[in-house]
Amino acid sequence: MPTTLDIRSGLYYDSVALMQVSAQVKATEGVDAALIGMGTELNVGLMRDAGFDIPDSTAPNDLVIAISGSDEAALTSGLAAVDEAFTRIADTAARSLGPTGAEQSPLTVESAVERTSSTLVVVSVPGDYAGIETIAALDAGNSVLLFSDNVDVDTEVALKHRAAEAGLIVMGPDCGTAIVAGAGLGFANEVRPGRIGIVAASGTGAQQVSTLLDAAGAGISQLIGTGGRDLAREVGGLSAKQALKALAGDEDTDHVIIVSKPADAEVVAEIEVLAADLGIDVSWAVLGPERTDLTASVEAALDRCGFTVPTWPSWGTTGTSEDLQQGPLVGLFCGGTMADEAMLIAAETLGPITSNIPLGGAEKMTGAELPTSAHTVIDFGDDGMTQGRAHPMIDPSLRLGAIAEAGGSAGVLLLDLVLGHGAHAAPAEGLAEAISAARLAAAQAGRELPVIVSLIGTQSDPQDFSATVGSLVGAGAEVYVSNAQATRRAVSLIAPLNQPESDNAPVRPGPSTHGAPANTKAAANSAATSDVSASDASATKLGELLSAEPKVVSVGLSLFADALRAQAVPVVEVPWQPPVGDASRLFSVMSDPRRLTANAQALEAMLKAGAQLVGLRPARECLGLADNEFLHSGPPLDFERASGPMRGALAGAVVFEGLTDTLEEAEAGLADGRFSMAPCHSKDAVGPMAGVISPSMWMFELIDPVYGNRAYCSLNEGLGKVLRYGANNDEVLDRLRWMRDILGPVLAQAVAAHGPIDTKYYVSQMLASGDEGHNRNRTATLLFLRDLMPDLLALDFATDDLAEVCSFLGANDYFALNLVMPTCKLAMAAAKGIPGSSLVVTMARNGTDFGIQLSGTGDEWFTGPAQIAEGLYLGDFGPEDANPDIGDSAITETAGIGGLAMAAAPAVVRLVGGDVAFAVETTRRMYEITAGEHPINQIPILEFRGVPSGIDLVKVLRTKVLPQINTGMAGRIAGVGQVGAGLVNPPMDCFTNGLESLGQ
Amino acid sequence: MSRTLPAAASPLPLLDHDDVTALESILSSSPEVTSSEMTVDATVIGLFPTGFYLGVDAHRRGTQVLPVMGPDALQLPTGLQVPQLTADHLGGLRPGMPATVTFSTAPAHPRVEQIEAANLRCAAVRTWRPSRIEPPDLSGPRRCSLGVVASVQDRLNPGLNDLALRSVNLVRALKSGAAEDVDSFARALLGYGPGSTPSGDDALCGIALALRWTSQSEFSSCQHSLLASSLVGLALEERTTAVSASLLRAALDGYCIPEIERAVADIARLIRAEKISGNGHRTTPPLHSFDEAHGLDEVFANISRIGHHSGHDLLTGFLAVLTPPELTLASPLEGTIHADDS
């Protein structure tokens, strides 16, 4: 048999691709065998064993194509098939989106975390909502960099406790700087790797310390921010303690520097003890009246770690202080800690410094005008200066204007310039211009204006460090890498002013200050404040945060995500919008310690519940209905508020039961209460559309063999003018009588003869066959017929009756809806009654109101106005003919099928509107508001992904995505029947009302 | 040229110092060689929905493969990460297209600094941290009970029927310390299978990772050293594909893709969950409980996404190391005419 060999060098295809190519070649007419694989020794051996003469020169990286065929033409065709297949693979590889298109962006933090296996979430949303996003991230297993400010202290403490319990950390709030696993977060500098870790309750303080360590050649391992309030008494150093535990277990860290503005003495003491307990070497860089100099703290740490303390670089210095300047020191800062340090140092010589953030004993600035005679320091990053504008590190315009104006009065101008990720991309030029303008103004007034700049940055920062120095020096400034040295230089140039003396050492108002803590060496026998060992920390998610390759989810400002992308860090942005409902109530619900476990329990129960049809009985027997009791769909309803189809159905049922002769008398009796009304759900029943159940009606009776619950549903009347759409003429009533006298008894005996039928199985089969269980039920109907037919035909009933029953069932594709609904009811019954759970267990409409019930709030209904569906109309009907949403059939969506599973039944769009892409997008969107996925009810086109299961009220409120319901539309006038089918959502009111109750 | 995409380079060098020196001498008169960087020609040799391969002629060791990985790609430990690589970028590439790779020639670790192909340029801005298997903190014996091994093995679907048998043969040889047997059984795995990462290589990676995972035991540590020396002696590039050879070397140092690291962590979790019964025997809690089964389902859902069979092949090798000595993992084909007697 002829053979051919084609050996191609330097081409790689995975084994799936090779299989596809092989399959195509083998399918070519005349080809007998095709072996395609890489030319490894073993593969070559196999090919030779198969009779192909593979040359010895074949190398492992060669792709070997060996074909045998009936003749030369077949071999040629086979090789052509190879090329076609590889070309198609290449084209597909470049453009492949799969059969369902691209995935949508995640709508929640937890969705993004799940998709990306992220290690960290950056939260930068407005402070009122920051707690919600942070707790979502923590519950999803991620630590958080919380940049948001205006987060109250109670929320901060609650978040940090939750983080600690989960082995995570909240870096913040108001934390803008971190370096974790080599990735700079927020406003961070490119610092060389080293073995010194930093725990920082101060952003620019951390940047100063880290850049000095870089300049000294020491570098850092990690920089963990804690938020500026962490070391206050109210917070108790919760994040600092977590950070220490993490660093104690970090293989890359030998020494830790803790950086802070003035901190609570007791908190510091606790941290010192913890450090000793963990056996980690700690030094402190904490600003205060007795320690005013971060640079000195860095020098001490360097010395401790065995590094030579360098001479800190400076440029443009004249080195002389002979000509002291008249006029005040004016400090205009971007970094609050740099401003604090400058004030602490300057005050030692110059006395109290006026400021917008004054130290104790100093005067607070009022208004925007610079004092012309007092020594002044302004922090342009303070909240009062950033109302309605970006931080000066991003938008320097306000400060630049002040610099230019300061030339008129300042004796010495002291500035900081902070480089790094997140900061202005090219700040040097604008600052140099402003400095030149200030110096020119001073010169015009006959003065020399020294300008001293502390440049916080490294040679590796995105902004060109050297060029920045050049610009500033060119403008006449002196540049220092040490803010402390810059300040001392500035102070040395100031002639003494006539300043009132203060007996008080300058202090930062707020937490009680302390003496500088002793640097802590590892010590034995310290009173332990933590029972978490370093090895435990490394084994926890904290350890993973510091050691694993960073993957970040960002919610809020895009600048953080942009900075991460520039560092080639994978980052996914979550589009954020304020949630619906009261934010503090939502946070309270999310903080409920029961909620996650309760939701997990509810979801598990929902997915594990079974469903078996065990029989049929009249409602008076199985539901205990009295002669004058009637059930209806949806939440509780007074007759006077009932819509047309509901009135029509109820009145028809009253006449059907023989309680009145006319519909008018029936309506009167319903209105005055002689005939009572209650929701089907109150009797563990469900009914489609009006869902009216009367005592004589036969009910499907289902049980859950796992949890023992029962559920019931009436028999489906068919299509057209039927009671459930409010029709109640003689034809309808005659049909109901036939169902009572023939259909019900026949099916009851057939089911009794057959034995229990697994209806949960029907649901999974429906989804696999293109039905969604609400508006498409053909598969289940046919399965029911198939199961029941042998037993039915063996019953002792008149042949005509049996034939009529079979014909009736066969003509109604919706018949099994009335089995699917109670099946879903059983699933949700299992999930009901779990305190703390925010999952939705009921969605139902009565034609006037839409109501939901939650797992954690018992039988309470949360209602809102039922909506008009949008969709396709039958005949000449239009929106003006449609009744508001009606029916218990939304129990299917509640259980994860119906509209939630539209992707399994794209043909439904022909009935309800939309297109196939819409069907897929809709289901994908539903995953964003649900707690999990069904293990058995799967969607083939989504690679057999389980249907979205467990609608979570919290996620609905946060995403504003409402559950999608596919529904029939009843005519608003009783008796008209169905007017169309379409898409509808519950009103958001249901969910906001539910939130109020959950939060109590 | 469209804008440059930021990239993260692997800490595992594509070229070793000797490769760089050899290339520098070849390219010494080229303007592409500076005191700190060197640019060499490359070729697009593989194109996938989530990334592509560049082939670099290292001369001394033949073609070396640099995986360039988009955000949805398996994060091969030797690859260049490009988180912003999209289908549009890949659409401009074709197999066989010329490219260039720029290396830093710092003495310690030559690093990939930049690649260019068609209109695509990717520049390294940092070094990333590939997943790495570390010995877990497990008290008591490292060996799985039969129950844990069987539970996982029951679900494995390796690409070749006799992969488990070949893996066990190698593991036995490693335990015996017989170097010739080790070489023989390693050769029976190396390059065994049709794809660019043959099934046999994946199993070898699994064995290497498992030996590292158990390396707190001196016995395991010796076996690891024996395997490493055997594979080095076999001249990997002569027996298997370049990309697979690079992944094997990475596995010897414990590097793997995150999905494997997670699977190994789950196996550790199962081991920790073992209970001691009243008579002192270890038992494994039944896996039919919803949570445990669900956890294992997640593991295998992830593993099954790794190539066609690669994840299963790798775990086959991994479990061969953890199999108790008394258990024989006979292939269903053993003793039949279909058995491989090599």
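I started in chain B, where B:Val40 has B:Val101 of β6(B) as its bridge partner. This is a predicted model, so I read every entry below as computed from it.

**Entry 1, sheet in chain B.** I asked which strand pairs with β2(B), and in what sense. I found strand β6 (residues 98-104) of chain B, antiparallel, over 7 bridges. Next I followed β6(B) to strand β7 (residues 111-117) of chain B. That pairing is antiparallel as well, over 6 bridges. B:Val101 turned up again here: in β7(B), its bridge partner is B:Ile115. I noted B:Val101 as a partner of B:Val40 and of B:Ile115.

**Entry 2, chain B against chain A.** I then looked up the contact between the chains. On the chain B side I counted 43 residues, in contact with 35 residues of chain A. Elements giving two or more residues to this side of chain B include β1 (5-9), β2 (37-48), β3 (51-57) and β8 (120-127). Helices are on that list too, among them α2 (87-91) and α9 (242-252). Which element gives the largest share of the side of chain B that touches chain A? I found β2(B), with 5 residues. By class, this side of chain B has 22 nonpolar, 14 polar and 7 charged residues.

I turned to chain A and noted 33 helices and 37 strands. Its C-alpha trace spans about 120 × 90 × 65 Å along the principal axes. Of its 1000 residues, 58% count as buried. I also checked contacts in chain A with a separation of 6 or more: residues 24 or more positions apart account for 76% of them.

I looked up two pairings. Strand β13 (residues 314-315) of chain A pairs with β19(A) in the antiparallel sense, over 2 bridges. There A:Ser314 stands opposite A:Tyr480. Strand β18 (residues 451-456) of chain A pairs with β19(A) in the parallel sense, over 4 bridges. In this pairing A:Val453 stands opposite A:Val479.

How values were computed:
Residues numbered from 1 in each chain as written. Chains lettered and ligands numbered in written order. Predicted model: local features only at pLDDT ≥ 70, side-chain atom pairs only at ≥ 80, totals over all residues. Contact = placed C-beta atoms within 7 Å. Nonpolar A, V, L, I, M, F, W, Y, C, P; charged D, E, K, R; others polar. Buried ≥ 20, exposed ≤ 12 C-beta atoms within 10 Å, placed from the backbone. Pairing = 2+ DSSP bridges.
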